Amino acid sequence: MSFAVWFSTHLSFLPPQLAVLLVSMVPVVELRGGIPLARLLHLPLSQAILFSVIGNLIPIPFILLFVRKIFDWLRPTKLLGGFVTKMENRAMNKSGKIGKAEFWGLLLFVGIPLPGTGGWTGSLIASLLRIDLKKAVLAILCGLALAATIMSLIAYGIFG
């Protein structure tokens with residue numbers, strides 16, 4: 001929750017809805033940071049969910065459609081080749097959690113808000129494992145809905 005406090009103080013010049021949307025686009029933070037930030041900025045729950053889910057969704061199609069091509073292009077370069085390999089290895093190490101039950105594994109991977117999980121990593125894994133695009137999109141959307149529900153309960157409900 002401290003990252004949400006940091007963002008709330010450093011993004012105070014932005015309208016709260018835009019701040020939540022932008023924070024939710026950031027890898028690792030995603031809507032897990034967007035919804036608590038919305039709470040700190042006194043946004044209603046409906047706006048918290050709307051802007052954090054939209055923000056989290058924006059990068060996903062680009063990751064699903066283009067990340068393999070971008071990685072193939074960057075891998076031979078000296079400057080970013082090591083970074084690409086590290087990102088691929090990190091994602092593939094987490095892919096075991098998805099297992100053979102691609103849809104449900106991906107849904108739970110994206111939906112349970114733990115460190116290293118979420119829409120960004122789920123999209124990267126789905127792309128690298130070549131999971132069917134429609135199946136991946138549906139699993140990620142359902143996973144984001146689950147994550148938004150859990151984070152809303154934490155930020156606005158149980159501890160709110």
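Student: Hi! Which helix is Ile154 found in?
Tutor: Ile154 is found in helix α9. A helix here is a DSSP run of H or I with at least four residues, a strand is an E run of at least two, and both are numbered from the N terminus. Before we go on, this is a predicted model, where local features need pLDDT of at least 70, side-chain atom pairs count only at pLDDT 80 or more, and totals for chains, interfaces and linings use all residues. Residues are numbered from 1 along each chain as its sequence is written, and side-chain values use heavy atoms, with hydrogens and water left out.

Student: Okay, is Ile154 buried, exposed or partly exposed?
Tutor: Ile154 counts as partly exposed, at 30% relative accessibility. Buried means under 20% relative accessible area, exposed means over 50%, and partly exposed is in between, using a 1.4 Å probe and protein chains only.

Student: And how far is Ile154 from Pro36?
Tutor: From C-alpha to C-alpha, Ile154 and Pro36 are 8.4 Å apart in space, while 118 residues separate them in sequence.

Student: What about Tyr156, where is that one?
Tutor: Tyr156 is found in helix α9. Tyr156 is buried, with a relative accessible area of 18%.

Student: Which residues is Tyr156 in contact with?
Tutor: If we leave aside neighbours within four places in sequence, Tyr156 is in contact with Ile35, Ala38, Arg39, Leu43, Pro44, Leu45, Ala48 and Met151. Contact means heavy atoms within 4.5 Å.

Student: How do α2 and α3 pack?
Tutor: Helix α2 (residues 16–25) and helix α3 (residues 30–40) pack at an angle of about 160°, with their axes 7 Å apart. That makes α2 roughly antiparallel to α3. Axes are lines fitted to C-alpha atoms, for helices over the stretch in contact, and angles run from 0 to 180 degrees between N-to-C directions. Angles under 35 degrees count as roughly parallel, over 145 as roughly antiparallel, 65 to 115 as roughly perpendicular, and the rest as oblique.

Student: Which residues meet there?
Tutor: Ala19, Val20, Val23 and Ser24 in α2 meet Glu30, Leu31, Gly33, Gly34, Leu37 and Ala38 in α3. Sorted by class, this contact has 6 nonpolar, 3 polar and 1 charged residues. Nonpolar covers Ala, Val, Leu, Ile, Met, Phe, Trp, Tyr, Cys and Pro, charged covers Asp, Glu, Lys and Arg, and the others, Gly among them, are polar.

Student: What's in the loop between α2 and α3?
Tutor: Val28 is found in that loop between α2 and α3. Phi of Val28 is near 75°, a positive value in a residue other than glycine. Val28 is exposed, with a relative accessible area of 61%.

Student: At what angle do α2 and α4 pack?
Tutor: The angle between α2 and α4 is about 40°, and their axes are 7 Å apart. α2 and α4 are therefore oblique to each other.

Student: Switching topic: which residues touch the most others in the largest nonpolar core?
Tutor: Of the 39 residues in the largest nonpolar core, Leu31, Ile35, Leu106, Leu124, Ile140 and Tyr156 touch the most other members. A nonpolar core is a set of buried Ala, Val, Leu, Ile, Met, Phe, Trp, Tyr and Cys residues joined through side-chain atoms within 4.5 Å.

Student: Which helix gives the largest share?
Tutor: That is α9, with 9 residues of this core.

Student: Last one: what does Ile140 contact?
Tutor: Apart from its neighbours within four places in sequence, Ile140 is in contact with Ile60, Leu64, Leu106, Val110, Gly122 and Ser123.
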